[in-house]
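Dear colleague,

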Amino acid sequence: MNFTAESTNSKIMPAMPIDGILTPIAEIKKLLATKELFIFDLDGTLFNTLGDLAPAVNYALKQFGVREISKENVRSCIGNGSKNLIRRSVASGLMFAAGKTAGEPLAGKSGAEHLDVRDNEAVAGILGSTGFDDAKIDEVHKVYSAYYWEHCTENTVPYEGVIEIIRRINATGIADKRDASKKRAAMLTNKPVNPAKKILEKFGLIGDATAADLISAYLCGDTTPERKPSPAGIFALLQQTGVAPEKAVMIGDDMPDVLAAKNAGIDCITLLEGFGRPENLLPLEPKWTAGHIKDFAELI
């Protein structure tokens with residue numbers, strides 16, 4: 001059975017603390033010991049990119065006369081690629097300008113009062129009724145993309161333990177990228193390749209002329225065969241690295257990551273303290289859960 005991001009209902013669980021629903025560290029350690037390929041998401045997993053995403057979103061909104069939204073609102077709109085980020089952000093700004101609200105589902109608020117930004121039909125309805133058709137959204141996205149490309153590394157930082165965990169994965173060295181006896185790190189993101197590469201290069205994960213890339217393979221929203229939640233990117237990375245599915249693990253923080261792993265038939269460690277929300281992730285029944293990478297960085 002294939003899962004899609006649209007097939008889940010973000011309203012079926014209320015906001016909740018994650019205490020008591022995390023996989024015991026001993027079990028995470030046992031899982032990681034069996035893996036050779038570690039496929040990481042980027043936004044909300046490897047890097048906190050919100051400090052650059054939010055200003056870029058609001059710059060684009062302002063150019064088109066749309067009310068700016070808070071950093072937390074931008075966080076709610078992240079997921080399924082930058083075009084969806086812009087669609088949700090524009091709809092949110094329009095709702096706020098009308099004296100209404102937008103973001104995660106709010107108990108007791110109707111659709112006329114509050115926009116659930118993960119409700120694709122509701123977002124489309126607001127955009128359509130205000131003249132933001134696909135062509136205009138493309139214009140907003142173009143302005144956003146140009147600004148974000150220029151500023152995408154100014155306030156972006158790796159999460160605690162990230163650089164260390166990737167160095168540790170590579171500690172034995174990789175003589176041959178298709179030698180499946182070696183552990184290696186990969187990345188699969190719906191983010192476009194240009195800003196993704198710029199971020200990885202800034203923090204020394206790729207582009208070192210004197211050594212092999214610490215991220216040995218990566219696919220982005222405009223280079224992968226299909227974006228997450230499709231499993232196509234995972235299948236492509238498995239083929240590139242020569243690693244069997246049972247030896248790979250996806251590590252991500254949002255619904256597209258979990259669903260891509262399910263669709264590909266590989267294990268996934270779902271991070272509940274990234275950009276995704278537990279109330280959206282837990283209905284997917286993730287087998288392995290953690291707060292964030294820092295909680296198991298020393299286990300690899």
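**Findings: the cavity and its surroundings**

Helix H4 (82–97), helix H6 (134–151) and helix H10 each contribute at least two residues to the lining of the largest cavity. Helices (H or I, at least four residues) and strands (E, at least two) are DSSP runs, numbered from the N terminus. This is a predicted model, in which local features need pLDDT of at least 70 and side-chain atom pairs count only at pLDDT 80 or more, while totals for chains, interfaces and linings use all residues. Residues are numbered from 1 along each chain as its sequence is written, and side-chain values use heavy atoms, with hydrogens and water left out.

The structure holds 1 cavity of 30 Å³ or more, and the volume of the largest cavity is about 260 Å³. Here a cavity is a set of points, on a 1 Å grid over the protein atoms alone, where a 1.4 Å probe fits but cannot get out; lining residues have an atom within 4 Å of a point. Grid points are joined across faces, edges and corners, and a volume is the space filled by probe spheres set on the points.

The lining comprises 21 residues, and Asp 43, Ile 78, Gly 79, Asn 80 and Gly 81 lie nearest the centre of the cavity. By class, the lining residues are 8 nonpolar, 6 polar and 7 charged (Ala, Val, Leu, Ile, Met, Phe, Trp, Tyr, Cys and Pro count as nonpolar, Asp, Glu, Lys and Arg as charged, and the others, Gly among them, as polar). Asn 80 is in the loop between helix H3 (71–77) and H4, and its phi is positive, near 70°.

**Sheet**

An open sheet of 6 strands runs in the order S7-S6-S1-S8-S9-S10 with parallel pairing (two strands pair if DSSP finds at least two bridges between them). Its edge strands, each pairing on one side only, are S7 (215–219) and S10 (288–290). Strand S6 (residues 184–188) pairs with S7 over 4 bridges, and Leu 188 stands opposite Leu 219 in S7. Helix H10 (residues 255–264) packs on the sheet, touching S8 (248–252) and S9 (267–271) (contact means heavy atoms within 4.5 Å).

Lys 228 and Asp 41 form a salt bridge through their side chains (2.9 Å, N to O); the term denotes a side-chain nitrogen of Lys or Arg within 4 Å of a carboxyl oxygen of Asp or Glu. The two residues are 187 residues apart in the chain. The peptide bond from Lys 228 to Pro 229 is cis, with omega near 20°.

Yours sincerely

Terms used:
Axes are lines fitted to C-alpha atoms, for helices over the stretch in contact, and angles run from 0 to 180 degrees between N-to-C directions. On a 1 Å grid over the protein atoms alone, a cavity is a set of points where a 1.4 Å probe fits but cannot get out, and a pocket is an open set with protein on both sides within 12 Å along at least five of seven lines; lining residues have an atom within 4 Å of a point.
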